[in-house]
Amino acid sequence: MAVERKEVERRQQMKSLCVKLASLIPKNLYSSEDAMTQLGSLDEAATYIKKLKERVEELRQKRTSARLLAAAGIDEAEEVRQHSDVSSLDVVLISSLERPFKLHEVATVLQEEGAETTNANFSVAGT
């Protein structure tokens with residue numbers, strides 16, 4: 001009898017934890033009516049957690065690129081594009097006469113910070 005009672009208590013605790021987990025997932029992210037079942041809720045939670053991990057990694061990459069640009073003395077990049085392999089970035093910098101920078105200095109700082117420059121181009125507009 002005691003074994004059955006422990007089993008019932010454990011099942012109730014698991015059900016309570018599943019309900020709590022399901023409550024943490026935004027309802028607009030549920031992909032189907034099946035998500036309303038306990039197993040469906042767990043699947044949705046796993047998918048949601050994976051998406052959050054991807055978002056965290058994307059934000060880490062953006063923070064790293066912002067730090068590299070700041071170390072290079074650049075307040076803002078016109079465009080920072082991360083490739084799907086997550087290991088490389090395209091950075092487009094546009095300067096003006098009021099806020100000039102030297103491309104070789106930027107490349108040097110980026111290399112000092114651990115970045116590898118595989119390609120660098122520059123052009124002058126309006127001259």
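How many residues apart in helix α2 are Glu58 and Arg55? They are three residues apart, so about one helical turn separates them. This is a predicted model, in which local features need pLDDT of at least 70, side-chain atom pairs count only at pLDDT 80 or more, and totals for chains, interfaces and linings use all residues. Residues are numbered from 1 along each chain as its sequence is written, and side-chain values use heavy atoms, with hydrogens and water left out.

**Fold**

- The protein has three helices and two strands. Helices (H or I, at least four residues) and strands (E, at least two) are DSSP runs, numbered from the N terminus.
- Along the sequence, the order is α-α-β-β-α.
- Contacts are heavy atoms within 4.5 Å. Of the contacts between residues at least 6 apart in sequence, 27% join residues at least 24 apart.

**Confidence**

- The predictor's confidence in each residue is given as pLDDT, from 0 to 100. The protein has a mean pLDDT of 77, and 78% of its residues reach 70 or more.
- Helix α1 (residues 2-23) has the highest confidence, at a mean of 88. Strand β1 (residues 79-82) has the lowest, at 63.
- Where pLDDT is low, the predicted coordinates should not be read in detail.

**Burial and surface**

- Buried means under 20% relative accessible area, exposed means over 50%, and partly exposed lies in between (1.4 Å probe, protein chains only). Of the 127 residues, 15% count as buried.
- The protein exposes about 10700 Å², and carbon and sulfur atoms supply 53% of that area. Accessible areas come from the Shrake-Rupley method with a 1.4 Å probe; for residues, only the protein chains shown count as cover.
- Leu103, Phe122 and Val124 make a nonpolar surface patch of about 330 Å². Patch residues have over 30% relative accessible area and no salt bridge; nonpolar side chains (Val, Leu, Ile, Met, Phe, Trp, Tyr) are joined within 5 Å, and like charges within 9 Å.
- Leu103 belongs to helix α3 (residues 103-112). Its relative accessible area is 31%, so Leu103 is partly exposed.

**Salt bridges**

- A salt bridge is a side-chain nitrogen of Lys or Arg within 4 Å of a carboxyl oxygen of Asp or Glu. By this rule there are five salt bridges.
- Glu58 and Arg55 form one of them, at 2.7 Å from N to O. Glu58 is partly exposed at 31% relative accessible area. Arg55 is also partly exposed, at 40%.
- Glu7 pairs with Arg10, with the closest N and O atoms 2.8 Å apart. Both residues lie in helix α1, three residues apart, about one turn of the helix.
- Glu7 also pairs with Arg11, where the closest N and O atoms are 3.3 Å apart. These two are four residues apart in helix α1, so about one helical turn separates them.
- Glu7, Arg10 and Arg11 are therefore linked in a network of salt bridges.
- Arg11 has 58% relative accessibility, so Arg11 counts as exposed.

**Around Thr37**

- Thr37 has 38% relative accessibility, so Thr37 counts as partly exposed.
- A polar atom of the Thr37 side chain lies 2.9 Å from the backbone nitrogen of Gly40.
- Thr37 and Cys18 are 19 residues apart in sequence. Their C-alpha atoms are 9.9 Å apart in space.

Technical notes: Polar contact = N/O pair within 3.5 Å; in protein donor to acceptor, adjacent residues only side chain to side chain.
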